[in-house]
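Subject: Structure handover

Hello,

Here is the structure we spoke about, with the sequence. My notes on it follow below.

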Amino acid sequence: MHVQEWLDSVPSAAVYAVVALVIGLESLGIPLPGEIVLVSAALMSSQHSGVNPVVLGACATAGAVIGDSIGYAIGRKGGRPLLAWLGKKFPRHFSEGHVATAERSFEKWGMWAVFFGRFVALLRIFAGPLAGVLHMPYWKFLIANVLGGICWAGGTTAVIYYIGVVAEDWLKRFSYLGLVAAVLIGLTSMLILKRKAKKAQAERREAEPVTAGD
């Protein structure tokens, strides 16, 4: 079942919980489709389904920040053996090449890697655990984590919500315009056919006396 269809089948409170949980688990280091779930829920909130976009954005932000913090704690305690274990469990996401790329990003950018990593699928999974493994000071991690979570989760929710509202309004206007256009086309076609029928009938009447005279 499509993600949005599934979310639409559960109560609003459950939608908030699912979004927070999926994003939290993804931020913790488990490869889940957090962004897809958030976008689907935000789009659904724009369709007057009872899902409040402000509450949704807050839940998504909370899931991102808490999940990243738990991932940081696990990474700090587990160290590099944790990355090796994750590489065996999730080779597509935690391969040596991906880990090396993420490490270079962290070494070069530090806090900015945590902040902007929230907007990149690969770094979004790595950010928490890898920051812990590399022993980034927690206060630096927390600042970047909170700001990144707010900008990504809140920003994504706001953008998708307003796009959905504008799209819905545009589609409504388009449907009205389409109805008007269909009526006009129908009337025009009817008038053209009526005129052609009258013209053909007149030509036929003009031709009848000629035929009779011959």
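Which residues do ring pairs link into a cluster? They are Trp112, Phe115, Phe116 and Phe119. Please keep in mind that this is a predicted model.

Aromatic residues and the surface

Phe119 sits in the loop that runs between helix H6 (111-117) and helix H7 (121-133). Its relative accessible area is 40%, so Phe119 is partly exposed. Phe119 also belongs to a nonpolar patch on the surface, together with Trp109, Trp112, Phe116 and Val120. The accessible area of that patch is about 570 Å² in total.

Over the whole structure, the search finds 8 aromatic pairs. One of them joins Tyr72 and Tyr138, with ring centres 5.2 Å apart and planes at 55°, so this pair is tilted. Tyr72 is part of helix H4 and Tyr138 part of helix H8 (residues 138-213), so the pair ties together parts that are 66 residues apart in sequence. Tyr72 has a relative accessible area of 5% and is therefore buried, whereas Tyr138, at 36%, is partly exposed.

Tyr138 has a further tilted pair, with Phe141: the centres are 6.1 Å apart and the planes make an angle of 35°. Both residues are in helix H8, 3 residues apart, which is about one turn of the helix. An α-helix has 3.6 residues a turn, so residues three or four places apart point the same way. Phe141 has a relative accessibility of 0% and so counts as buried.

Helix H2 (residues 12-28) has 17 residues, which at 1.5 Å a residue should span 24 Å. The buried residues in H2 are Val15, Tyr16, Val19, Val22, Ile23, Gly24, Glu26 and Ser27. After H2 comes Gly29, with a positive phi near 130°.

Gly67 lies in helix H4 (residues 53-89). Its relative accessibility is 3%, so Gly67 counts as buried. Leaving aside residues up to four places away in sequence, Gly67 touches Gly24, Ser27 and Leu28. Of these, Gly24 and Ser27 are among the buried residues of H2. Gly67 and Leu21 are 46 residues apart in sequence, and their C-alpha atoms are 8.5 Å apart in space.

Regards

How values were computed. Residues numbered from 1 in each chain as written. Predicted model: local features only at pLDDT ≥ 70, side-chain atom pairs only at ≥ 80, totals over all residues. Heavy atoms only, no water. Helix = DSSP H or I, 4+ residues; strand = E, 2+ residues; numbered from the N terminus. Buried < 20%, exposed > 50% of the residue type's maximum accessible area, 1.4 Å probe, protein only. Contact = heavy atoms within 4.5 Å. Patch = residues over 30% accessible without salt bridge, like charges linked within 9 Å, V, L, I, M, F, W, Y side chains within 5 Å. Areas by Shrake-Rupley, 256 points an atom, 1.4 Å probe, with all protein chains shown as cover. Salt bridge = Lys/Arg side-chain N within 4 Å of Asp/Glu carboxyl O. Expected span 1.5 Å × (residues − 1). Phe/Tyr/Trp six-rings, centres within 6.5 Å; stacked < 30°, edge-to-face > 60°.
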